[in-house]
Amino acid sequence: MFSIGSMILMGAIMLASWLVSSRLKSKFEHYSKLHLQNGMSGKEIAEKMLADNGIRDVQVISTPGQLTDHYNPVNKTVNLSEAVYNQRNAAAAAVAAHECGHAVQHAQGYEWLTMRSKLVPVVNVASSYMQWILLAGILMIRTFPGLLLIGIGIFAATTLFSIITLPVEYDASNRALAWLKTKNMVNPAEYAGAEDSLKWAARTYVVAALGSIATLLYYVSIYMNRR
């Protein structure tokens, strides 16, 4: 019964992840057709938001792919996907401002971003070995239960990372939307499109966090019921 319940839960989370991801893509496609009245590109939006926040040491660059946008605190770059970097629409404005929101967080020492950054090296190492340790731990559960416990500890670090990511992402979106509105960068229709785009983007992180928590509990249950 536990196995069936676990399969149903994981299946539901996978379905939710697919639905949210599909919805996000459709939203961005829709709002990519809503062109900005000010005619600014994602690159120009990003550069202005950085300047308005007194940030002079962050570079805005283009990166290949779709929805690959991110802020890199190591080399201080706002990396915008090619479409966002060049296009002049509500979706591009939302993404560009959101990534600059992370740059503002970094400049102001936002505590949740600092915590997440400290976990990055741990998560990078954990992702390389975690699945193998968990698999070996399950196979050797009767002879060496401690191995599974080690895997659970490593997985817990990645789960913590996904949880800490939530306030970081929501705060970056709030900063982006506040700036777009107060600086009159968008009209009401464009603002609504930007807000809707970022709302669905944030939900992908919520689903990811829930999935990580559910998986962690699954492994913990295996360990607790090993006898």
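Trainee: What makes the start of α4 worth a look, and which atom does the side chain of N89 reach?

Mentor: At the start of α4, a side-chain oxygen of N89 comes to within 3.2 Å of the backbone nitrogen of A91. A polar contact needs an N or O pair within 3.5 Å. The pair of N89 and A91 is within 3.2 Å, so the distance meets that cut-off. Keep in mind that this is a predicted model.

Trainee: How do you know how far α4 reaches from its first C-alpha to its last, and what is expected?

Mentor: Helix α4 covers residues 90-108, which is 19 residues. The span is 26 Å, close to the 27 Å expected at 1.5 Å a residue.

Trainee: Why is α4 called largely enclosed?

Mentor: Count its buried residues. Buried means under 20% relative accessible area. In α4, 16 of the 19 residues are buried, so the rest of the structure largely encloses this helix.

Trainee: What follows α4?

Mentor: G109 does, and its phi is positive, near 70 degrees.

Trainee: What about α6: how many residues does it have, and what is its span?

Mentor: α6 has 38 residues. From first C-alpha to last it reaches 56 Å, close to the expected 56 Å. After α6 comes N184, with a positive phi near 55 degrees.

Trainee: Why is D196 called buried?

Mentor: D196 is in helix α7. Its relative accessible area is 10%. That is under 20%, so D196 counts as buried.

Trainee: What makes the pair of D196 and K27 a polar contact?

Mentor: Their side chains are joined at 2.7 Å. The limit is within 3.5 Å, so the distance passes.

Trainee: Which other residue of α7 can I test, and why is A209 called buried?

Mentor: A209 is also found in helix α7. At 3% relative accessibility, it falls under the 20% cut-off, so A209 is buried. The C-alpha atoms of A209 and L160 are separated by 8.6 Å, although the two residues are 49 apart along the chain.

Trainee: What makes L67 stand out, and where does it lie?

Mentor: L67 has a positive phi of about 55 degrees although it is not a glycine. L67 lies in the loop between β1 and β2.

Trainee: Why is L67 called partly exposed?

Mentor: Partly exposed lies between buried, under 20%, and exposed, over 50%. L67 has 37% relative accessibility, so it is partly exposed.

Trainee: How do you know what to call K76?

Mentor: Set its value against those cut-offs. The relative accessible area of K76 is 31%, so K76 is partly exposed. K76 lies in the loop between β2 and β3. Its phi is positive too, near 55 degrees, in a residue other than glycine.

Trainee: What is the volume of the largest pocket, and how many residues line it?

Mentor: The volume is about 370 Å³. The lining has 20 residues, and D69, H98, E99, E169 and Y205 lie nearest the centre. α1, β2, α4, α6 and α7 each give two or more residues to this lining. The largest share, 5 residues, comes from α7.

Trainee: What makes up the lining by class?

Mentor: There are 10 nonpolar, 6 polar and 4 charged residues.

Trainee: How many helices and strands does the protein have, and what is their order?

Mentor: The protein has 7 helices and 3 strands. From the N terminus on, the order is α-α-β-β-β-α-α-α-α-α. Of the 227 residues, 43% count as buried.

Trainee: How do you know how confident the predictor is, and which helix has the lowest mean pLDDT?

Mentor: The average pLDDT is 92, and 97% of the residues score at least 70. Where pLDDT is low, predicted coordinates should not be read in detail.

Terms used:
Residues are numbered from 1 along each chain as its sequence is written. This is a predicted model: local features need pLDDT of at least 70, side-chain atom pairs count only at pLDDT 80 or more; totals for chains, interfaces and linings use all residues. Side-chain values use heavy atoms; hydrogens and water are left out. pLDDT is the predictor's confidence in each residue, from 0 to 100. Helices (H or I, at least four residues) and strands (E, at least two) are DSSP runs, numbered from the N terminus. The expected span of a helix is 1.5 Å times one less than its number of residues. Buried means under 20% relative accessible area, exposed over 50%, partly exposed in between (1.4 Å probe, protein chains only). A polar contact is a pair of N or O atoms within 3.5 Å; within protein, one must be able to donate a hydrogen and the other to accept it, and residues adjacent in sequence count only if both atoms are side-chain atoms. On a 1 Å grid over the protein atoms alone, a cavity is a set of points where a 1.4 Å probe fits but cannot get out, and a pocket is an open set with protein on both sides within 12 Å along at least five of seven lines; lining residues have an atom within 4 Å of a point. Grid points are joined across faces, edges and corners, and a volume is the space filled by probe spheres set on the points. Ala, Val, Leu, Ile, Met, Phe, Trp, Tyr, Cys and Pro count as nonpolar, Asp, Glu, Lys and Arg as charged, and the others, Gly among them, as polar.
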